[in-house]
Amino acid sequence: MKYVVIGASAAGTNVVRKLRELNPDAEIVMISEDTTIYSRCILYHHLKGERDLEGLNFVGPDFEKRMNINWIKGVKATGVDTDSNVVFLNNGEEVTYDSLCIATGSHPNFFPIPGLREGKNITGFRNFCDVEFIEERLDKANNIFIMGAGLVGIDVIAGLVKYGKNITLADMGPYMLPIQLDEYAANVYGKMFEEKGVKQYYSMGAKEFVLDEEGNCYKVILNDGTEIPTDLVVNCAGVRSSVEFLQGSKLECDRFGLIFDETGRTNIPNVYGAGDCSGRNPIWPVAVKEGMIAAYNISGVPRKMDDFFASKSTMNFLGLASMSLGNPNRYDETHSVEIYKDPKKKIYKKIVHKDGVIVGAILQGDLSYSGVLTQMIRRKIDITKVKKPLFDIDYSDFFHMDENFEFLYEE
């Protein structure tokens, strides 16, 4: 059997690892634009000077050799013929396969805002070449504009604050990290970044990136007319699934990305998908799990995704750790919300539940409760049965449950 995997990040490398484990003698080919393997989640550590490229590698040295694969590096897939089982590459090569897994991830979304796509000093923040782009210009860039206050945008700022630059952040959302955090938790970070000199504009987008005669952006005009001087722009305002090369193929995609089911299978029986290319769950743990699930099913071992939360994020900015689960912001009067605050210690805990089921949670400043929280979710505990404050539960309580996984407390 010949297995081909397109992509060398979280999903792709885990497809390869599990395929090799399950198929010791199979031929495995990995295709990627990247020539090295690195974690996109910690690229900002390179900006901070805390890790070199080798330190970003999450698979260890000699991955290619240890996995006994043919890694075709520095090339891009331009098409797939599912009738002939062929992948077309931009170097003119054609790679055949028996089974294919698409794990191409995503890329920055450059909106059609005047100047954004043309500016020579404008970059995204997705690949290591973006890190190099920023670092090459840092000496001369005194004013840096970050567009997008999601995880990527805040990562970039966290990597740049040490340099003493004039950093400005703008986002259309009401506060930073609106998917992961609520207003209270986000404002804690917002104040911390403000103390570091970061100017922040929320509910405010960019109207124009004004370019000079050499094609560099020297000024950003916000929607309300505010003008921000800039020497460097980093676009972190969302991503798009890297599935453009599938246009014209028989593989089904929608407005988000490649469509595949809980086994990783697409509409073509011998083609699978994993990771961000679906455009649905763009977080590292899900990509890893989807890669492994796809490899199992490619190998004829039935497995399905069964994660209790598709949305789970852990972050640590300016020394303050936070974790977000599910949908901590989307609730109404039919939900119950439990909150604990200790502003002096920057500790904040929030659990949102409905009909006894936890649907979202935020922990900030103290993640020691995350283990207990995970157990409650994993075991599907009906928290309406809990007779003590939720944030007072500890591991000993899990020894007092009946056969229906309901809490029992000894008097």
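**Ser370 and its surroundings**

I started at Ser370 and looked up its contacts (heavy atoms within 4.5 Å). Leaving aside neighbours within four places in sequence, Ser370 is in contact with Met323 and Leu363. This is a predicted model, so I kept in mind that local features need pLDDT of at least 70 and side-chain atom pairs count only at pLDDT 80 or more, while totals for chains, interfaces and linings use all residues. My numbering runs from 1 along each chain as its sequence is written, and side-chain values use heavy atoms, with hydrogens and water left out.

Ser370 sits in helix H9. For the element names I go by DSSP runs numbered from the N terminus: helices are H or I with at least four residues, strands are E with at least two. Is Ser370 buried or exposed? I got a relative accessible area of 18%, so Ser370 is buried. The cut-offs are under 20% for buried, over 50% for exposed and partly exposed in between, with a 1.4 Å probe and protein chains only.

The side chain of Ser370 also reaches the backbone oxygen of Leu367, at 2.7 Å.

**Leu363**

Leu363 is buried, and its relative accessible area is 0%. Not counting residues up to four places away in sequence, I found Leu363 touching Ala321, Ser322, Met323, Tyr348, Lys349, Tyr369, Ser370 and Leu373. I also checked Leu363 against Ala185: they are 178 residues apart along the chain, and their C-alpha atoms are separated by 8.8 Å.

**Salt bridges**

I counted a salt bridge wherever a side-chain nitrogen of Lys or Arg is within 4 Å of a carboxyl oxygen of Asp or Glu. By this rule there are 12.

- Asp366 and Lys349 meet at 3.9 Å, N to O. The pair links distant parts of the chain, 17 residues apart: Asp366 is in the loop between S23 (357–364) and H9 (370–378), and Lys349 is in strand S22 (347–354). Asp366 is partly exposed at 23%, whereas Lys349 is buried at 10%.
- Asp254 and Arg280 meet at 2.1 Å, N to O. Here too the pair links distant parts of the chain, 26 residues apart, with Asp254 in the loop between strands S17 (239–241) and S18 (271–273) and Arg280 in the loop between S18 and helix H8 (284–298). Asp254 is partly exposed at 30%, and Arg280 is partly exposed at 38%.
- Lys73 and Glu64 meet at 3.5 Å, N to O. Lys73 is partly exposed at 36%, and Glu64 is partly exposed at 29%.

**Second largest pocket**

How much space lies in the second largest pocket? I got about 260 Å³. For the terms, the search uses a 1 Å grid over the protein atoms alone; a pocket is an open set of points where a 1.4 Å probe fits, with protein on both sides within 12 Å along at least five of seven lines, and lining residues have an atom within 4 Å of a point. Grid points are joined across faces, edges and corners, and the volume is the space filled by probe spheres set on the points.

The lining has 14 residues, and Ile37, Asn57, Gly60, Pro61 and Asp62 lie nearest the centre. Helix H3 (53–56), helix H4 (63–67) and strand S3 (70–73) each give two or more residues to the lining. I sorted the lining into 6 nonpolar, 4 polar and 4 charged; nonpolar is Ala, Val, Leu, Ile, Met, Phe, Trp, Tyr, Cys and Pro, charged is Asp, Glu, Lys and Arg, and the others, Gly among them, are polar.

In H5 (128–137), I found Phe128, Asp130, Val131, Phe133 and Ile134 buried. These pack against H2 (44–47), H3, S9 (122–123), H6 (151–160) and S16 (232–235).

Ala141 is in the loop between H5 and S10 (143–147). Ala141 is buried at 1%, and touches Lys165, Asp231 and Leu232, not counting residues up to four places away in sequence.

**Positive phi**

Most residues other than glycine have a negative phi. Asn85 has a positive one near 55°, in the loop between S4 (77–81) and S5 (86–89). Lys346 has a positive phi of about 55°, in the loop between S21 (336–342) and S22.

Note on methods. A polar contact is a pair of N or O atoms within 3.5 Å; within protein, one must be able to donate a hydrogen and the other to accept it, and residues adjacent in sequence count only if both atoms are side-chain atoms.
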